[in-house]
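Have the structure open and follow along.

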Amino acid sequence: MSAPLRLLLLCASSSLLILQAARADSSDPGFALRLSGEKRKQHEGRVEVLLNGEWGTVCDDDFSLAAAHVVCRGLGFTDAESWAPRAKFGQGQGRIWLDNVHCSGLEKSLLECESNGVGVSDCKHSEDVGVVCSQRRIAGFQFIRKTRNEFPGAVNVQVEDVRIRATYSHRKRVPITEGFLEVKDAGKWRQICDVDWTARNSRVICGMYGFPTEKRHNPKPYKLLSSRRKKNFWGHSVNCTGNEAGLSECKLGREVPLKGNSTCSKGGPVVVSCAPGRAFAPSVSAGFRKAYRLEQPLVRLRGGAKIGEGRVEVLKNGEWGTVCDDHWDLTAATVVCRELGFGSAKEALTGARMGQGMGPVHMNEVQCSGFEKSLTECRFNRESTDCSHEEDAAVRCHIPEMGFNKRLRLSGGRNPLEGRVEVLGQRNGSLVWGEVCSEGWGTMEAMVVCRQLGLGFASHAFQETWYWQSDTSANAVVMSGVKCSGAELTLDQCLHHGKHVACPRGGGRFAAGVSCALTAPDLVLNAAVVEQTTYLEDRPLYALQCALEENCLSSSVFSSQIHNNGQSDFRPLSGPQSWVWHECHRHFHSMEVFTHYDLLSLNGTKVAEGHKASFCLEDTQCDEGIQKRYECANFGQQGVTVGCWDLYRHDIDCQWIDITDLRPGDYIFQVVINPTFEVAESDYSNNVMKCKARYNGHRLWTYNCHIGNTHFHTFDSFTSLNYFCHFVFHY
């Protein structure tokens, strides 16, 4: 089994889970801290203090990052990232216990900091302070259960880990979906009595482990197995609602007396069984039949660097749109994650953290109960339309432990994000590390490698890796003929030669390599203006001398505004030393093929085709507040900055389609940017535009334009990329 998930199960009073730190000063055993309010992450929220048996808030007057450090360390985090004034996480209720708090940052408790005194405040709850803590936990941090009324006497409880312990028949499965649930208490693994256990408790456990839902199991073999094992039960039951992101958020139930086998006299150890998402099913046959299946593809993730994360997009009336981050929280994010076959949400991201989407914002102020099968079933504000794509919501989901990163590695690189690709392959009947043949190796294959290793996107794919020194024992080629679509989770899911390796140039210096990056650019097409600007023009051949030099006489080209909507700049793959100078327009070509323009028959046959070299990539215009970085003048650097666009006017050579010999009829007009995937992007689906076109011999219309994989009857109304097309005759 993989390493158990690290978490702390916190004990509570009769009704509420309390994050409570062990304090050097035990003179006030009634003091505790917690993070509450409109939280989007587990490590952020409104600061609340328990004093005299009553929860209250802290005023933001004079609060500082040093005070935030004290709070976060008191909650078991290593430090604070930031703090937030003016009730960012919502207004609290009850008393405002502390005001004008001054901390040096070295205090062990917030009560040790200077303040006006406990309960002395002139603030309102609109001034409640919040903090954002680091996600790193303090090693060995102990939480102490508050002991009052029904629990006389202080008891220290430290639950360090939670795991699903597979039985013999399930241990070799990947992922592990079923087994005894155990918690690690004071260094010892213990079972939980199943008398008070519910399916909602199992749902929380499954979500933590990356599974969308729980399922029934056969209890007979587990009863037989548990009867033969020594019992070691934990002293508490658990009560979850089913919507918690982890077991640490569940309330504690009754205490269980630890009296040998009579501890759980009416039951046995808890067994948890989870249904994996279809992408993580343990086997092709039985595993797929038992896997969670997505009924309708109404929601998708885009722009994420890793499996199970991305910008949330919703399909409505045949058109994909985004979700506004107003009120976006972990509950709604978890609905998305479970809907897509992942577990519960780790984070509900706001502020277009996974890049800005295009088209409409379909949902705003989303509110979910947590048990919806799809985000589209949640309530939202249908009237509010004031969201921009700067507020696009995103998620990070728990995924199962599949061991993907153990099947391949990068070797010899200057840093952990690059190197020669080495995989575990069969050689002489045993598993050995070896090279991947670089024949046909490209960006899509490199993308799969970076995703499998959890290193984000591919920035480069290398077919020669002689400059990277690596382990000589892994010099044999064990994989060849690799061809990926880009959607695979692992390299061995791509097409490849299997056992019969064939590599014409051999390995060594021609082994495959990659360079990975956590961010990538995203070029976006806009189809809307095409329908309004298509026209015919006669142009004499003597006026096409530059087009002849640019090698695009037969290409379909037109004015276009190419917008970089990603999270890093779009740069040509090759450096300036490889660019080609063209005297006609006095600029360098930095990419051999930047755009394909094709006129297709209705059955998909090309009737007019061509390509446009990149000409000069530069920032023609940018969104407000963004500075241009790339300019072609004076042989400058080429590229497109995030939030900027490159404009090609319709009167530039190669910005047209030659339809001299075209017969009247109905056609499909198609435009593809970055068609050979030469430069890595976070999303290639929005690089393709298709329109229906009708030509009557005198005039040509384009209509029903769409971006990506939507259907012809839809219309994508985007605003970041404009096309001004014209079709020309030669004479």
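## A loop residue to start with

Does Ala87 count as buried or exposed? Ala87 counts as buried, because its relative accessibility is 14%. Buried here means under 20% relative accessible area, exposed means over 50%, and partly exposed is in between (1.4 Å probe, protein chains only). Ala87 sits in the loop between β5 (80-84) and β6 (96-98), and its phi is near 55°, a positive value in a residue other than glycine.

Asn674 is another one to click on: its phi is near 55°, again positive and again not a glycine. You'll find Asn674 in the loop between β37 (665-673) and β38, and it is buried, with a relative accessible area of 1%.

## What you are looking at

This is a predicted model, where local features need pLDDT of at least 70, side-chain atom pairs count only at pLDDT 80 or more, and totals for chains, interfaces and linings use all residues. Residues are numbered from 1 along each chain as its sequence is written, and side-chain values use heavy atoms, with hydrogens and water left out.

The protein has eight helices and 41 strands. Those are DSSP runs numbered from the N terminus: helices are H or I with at least four residues, strands are E with at least two. Of the 731 residues, 54% count as buried. The accessible surface comes to about 33,100 Å², with 49% of it belonging to carbon and sulfur atoms (Shrake-Rupley method, 1.4 Å probe; for residues, only the protein chains shown count as cover). Among contacts with a separation of 6 or more, 71% are between residues 24 or more positions apart; a contact means heavy atoms within 4.5 Å.

Helix α3 (residues 220-227) has Tyr222, Leu225 and Ser226 as its buried residues. Looking down the axis of α3, they fall within an arc of 95°, so they line one face of the helix. The arc is taken from the directions from the helix axis to the C-beta atoms.

What do the buried residues of α3 pack against? They pack against β9 (178-185) and β14 (271-275). On the other side of α3, Lys220 and Lys223 are exposed.

## A hairpin

Strands β38 (residues 688-695) and β39 (residues 700-707) run antiparallel and are joined by six bridges; strands pair if DSSP finds at least two bridges between them. Met689 has Ile707 in β39 as its bridge partner. The two strands form a hairpin with four residues between them, and Gly697 in the turn has a positive phi of about 95°.

## Disulfides

How many disulfides does a search of the whole structure find? The search finds 13, taking a disulfide as a pair of cysteine sulfur atoms within 2.5 Å. One of them joins Cys72 to Cys133, S to S 2.0 Å. This pair links distant parts of the chain, from Cys72 in helix α1 (residues 65-74) to Cys133 in strand β7 (residues 130-133), 61 residues apart. The torsion about their S-S bond is about -85°, so the disulfide is left-handed.

Another disulfide joins Cys622 to Cys644, S to S 2.0 Å. Here the torsion about the S-S bond is about 100°, so this disulfide is right-handed. Cys622 is buried at a relative accessible area of 14%, and Cys644 is buried at 0%.
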